[in-house]
Amino acid sequence: MTFFHDKIKQIKDDNSTSILEFKFLQKTVSLKVVDDSDETINLLTKWRKENWDGFDSKFEITFRKTKKWVLNQILKNPNRILFLIIFDGKKIGQYGINGYDEKNGSIGLGDLIKGEPNIAPGIMKIVEKEFLKWIFQSLKISSIKGKVFSDNFRTLNLHNETGWTMVDSIPIKRIYTEDGWIWKEIKLHSEEEYGERYFNIIEIT
């Protein structure tokens, strides 16, 4: 196993401890590994339903599906980890690491949601800055990558303010499924063709 995988496993095994803790508006903010309690699963389900337009897929979101996702795709996946953002003891959002590229020592970030928008306005900027700093210092990562819809201006503005750079723009097309759709990357064959939407590929080193 790599240093990254060892560190992620250690953090998941010691899930009672916050990886980060700092002050915002004179209150304590912390990032802690997601758990599979009913309270957390209900919150994640609610947040995903309310923020579906920021993700690359849409489907019927249920408590059962969310719990299965947390258990199988997050807690049991050595390449992924999801953190709860906790403000003054209240779970208000989430941010995760979605993959590891061993060849170039980079990771992908995603699953970013501020689920309680009326609590602590402005908190996500400082959360992202502290999270990025922790990643570089603790995980020995060379670069961090992400993808954001080109029309998701709020998230793009947040990333711009914390130092990300756009490195590519990828056309995508909506593909319908049994209970929703996914946005799939496509190749354009001429300059006259356009994507239905675009992903901005962003990076920070």
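Tutor: Residues are numbered from 1 along each chain as its sequence is written, and side-chain values use heavy atoms, without hydrogens or water. As this is a predicted model, local features need pLDDT of at least 70 and side-chain atom pairs count only at pLDDT 80 or more, while totals for chains, interfaces and linings use all residues.

Student: Where is aspartate 111 found, and what is its phi near?

Tutor: Most residues other than glycine have a negative phi. Aspartate 111 has a positive one, and it's found in strand S6 (residues 106-114); strands are DSSP runs of E, at least two residues, and helices are runs of H or I, at least four, both numbered from the N terminus. Its phi is near 55°.

Student: Is alanine 120 buried or exposed?

Tutor: Alanine 120 is found in the loop between S6 and helix H4 (123-139). Buried means under 20% relative accessible area, exposed over 50%, and partly exposed in between (1.4 Å probe, protein chains only). Alanine 120 has 7% relative accessibility, so it counts as buried.

Student: Which side chain does a polar contact of 3.1 Å join to that of aspartate 111?

Tutor: A polar contact is a pair of N or O atoms within 3.5 Å; within protein, one must be able to donate a hydrogen and the other to accept it, and residues adjacent in sequence count only if both atoms are side-chain atoms. The partner is arginine 80.
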